[in-house]
Amino acid sequence: MPVELYRIDDRLIHGQVVVGWGQPLDIKLIVMVDDEVACCDWEQDLYRMGVPPEMELRFADVATAVQQHPVYAKDPRHSIVLTSNVATMHALLKGVGNVGHVNVGGLHHRPGRAQKLRYVFLSPDEERELRDLIAAGVKVTAQDVPAARPVPMEEVLGVSGDAAKSA
Amino acid sequence: MTSSALPARRAIVAGHGSFPQGIVSAVEQISGYGSVFVPLSNSGLSGEDIEGQIRDRSAELGIKVFFTDLPAGSATIAVRRIMRDTPGVVLVTGANLATLLEFVFSTDEDAGDAARHAADKGKSAVTVHGGS
């Protein structure tokens, strides 16, 4: 079964992912792609404690995730591929190709980032990488929870006014 | 109980949206002791910033007991990170109003015991009536 959701979210495992998306999409597998977490048992244990027993959480660095992506895509369970930042998703999709849609779920304030939406702040490098994905034919939308309107990233990158920030 | 009989211990209530402020206001309405709890919302914050805020407030106030709303939530993850390097921290997840009220009126001297008893009380407060 194809991966249901490719999500960029700097909180990684948290309520919106496990419950907000996990329940309506009947998610049973989450693949966290993160080079740092992939080599740290303690971090992995921390995130495992945050998912219910019926949900499997796997960890992979980018290189492994690229290699294992066909396995994820053939898994019979509904799944999410999750990264904490744009650069990791960009690198993953560069290696994988053929991914139709990326969800930007939460990138919060930090120095060097500018606010684009209530829950999306982007640095110039992140904007460039998202534009790269769009140019490569990937549909990129911002949407924190399923009930919210998916905001096309072209709209986010092109508008910086209050209307966009309140979305 | 008069205010002078309040336990010296305090706790942080951290969670989603207005949950922390809301549940603490309910504690205040019922008991008058909402000030036992310090509410912290994760709204609009990265995981790093949530952890930073909880660390700062707990260090400032000498708080070692934490209540969070969701076991999978970012506040829970943040407190678990704090537990890694801070001895004596107690975390209760899935907190409800009954949990917090029990903690307020706990006579346990040990914070861990008080938190455990509060968690038990909270679990027993979830009941189902009616239905088929």
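Mentor: What follows takes the sheet, a helix, the core and the chain contact in turn. Keep in mind that this is a predicted model.

Trainee: OK, what order do the strands of the open sheet in chain A come in?
Mentor: The order is S3-S2-S4-S1-S5-S8-S9, seven strands with mixed pairing.

Trainee: And which are the edge strands?
Mentor: Strand S3 (56-60) and strand S9 (151-152) of chain A, each of which pairs on one side only.

Trainee: In what sense does S4(A) pair with S1(A), and over how many bridges?
Mentor: In the parallel sense, over four bridges. Within that part of the sheet, Arg7(A) stands opposite Leu82(A) in S4(A).

Trainee: Then S2(A) with S4(A): parallel or antiparallel?
Mentor: Parallel, over five bridges. Leu29(A) has Ser79(A) as its bridge partner in S4(A).

Trainee: What stands opposite Leu29(A) in S3(A)?
Mentor: Glu56(A) does. S2(A) and S3(A) are paired in the parallel sense too, over five bridges.

Trainee: Switching to helices. Which residues of H5(A) are buried?
Mentor: H5 covers residues 86-96 of chain A, and the buried ones are Val86(A), Thr88(A), Met89(A), His90(A), Leu92(A), Leu93(A) and Val96(A).

Trainee: Why would residues three or four places apart point the same way?
Mentor: An α-helix has 3.6 residues a turn, so they do.

Trainee: What covers the buried residues of H5(A)?
Mentor: The cover includes strands S1 (5-9), S2 (27-33), S4 (78-83) and S5 (101-106), along with helices H4 (62-74) and H6 (124-135), of chain A.

Trainee: What comes just after H5(A)?
Mentor: Gly97(A), with a positive phi of about 65°.

Trainee: Now the largest nonpolar core. Which residues touch the most other members?
Mentor: Val13(B) and Leu100(B), out of 80 residues in that core. Leaving aside neighbours within four places in sequence, the contacts of Leu100(B) are Val13(B), Ile23(B), Val27(B), Phe37(B), Phe67(B) and Ala95(B).

Trainee: Last topic: how many residues does each chain give to the contact?
Mentor: Chain A gives 14 residues and chain B gives 15 residues. On the side of chain A that touches chain B, the largest share, three residues, comes from helix H1 (residues 15-21).

Trainee: How does that side of chain A split by class?
Mentor: Seven nonpolar, four polar and three charged residues.

Conventions: Residues are numbered from 1 along each chain as its sequence is written. Chains are lettered from A and ligands numbered from 1 in the order in which they are written. This is a predicted model: local features need pLDDT of at least 70, side-chain atom pairs count only at pLDDT 80 or more; totals for chains, interfaces and linings use all residues. A residue is buried if 20 or more other C-beta atoms lie within 10 Å of its own, exposed if 12 or fewer, and partly exposed in between; C-beta atoms are placed from the backbone. Helices (H or I, at least four residues) and strands (E, at least two) are DSSP runs, numbered from the N terminus. Two residues are in contact if their C-beta atoms, placed from the backbone, lie within 7 Å. Ala, Val, Leu, Ile, Met, Phe, Trp, Tyr, Cys and Pro count as nonpolar, Asp, Glu, Lys and Arg as charged, and the others, Gly among them, as polar. A nonpolar core is a set of buried Ala, Val, Leu, Ile, Met, Phe, Trp, Tyr and Cys residues joined through C-beta atoms within 7 Å. Two strands pair if DSSP finds at least two bridges between them.
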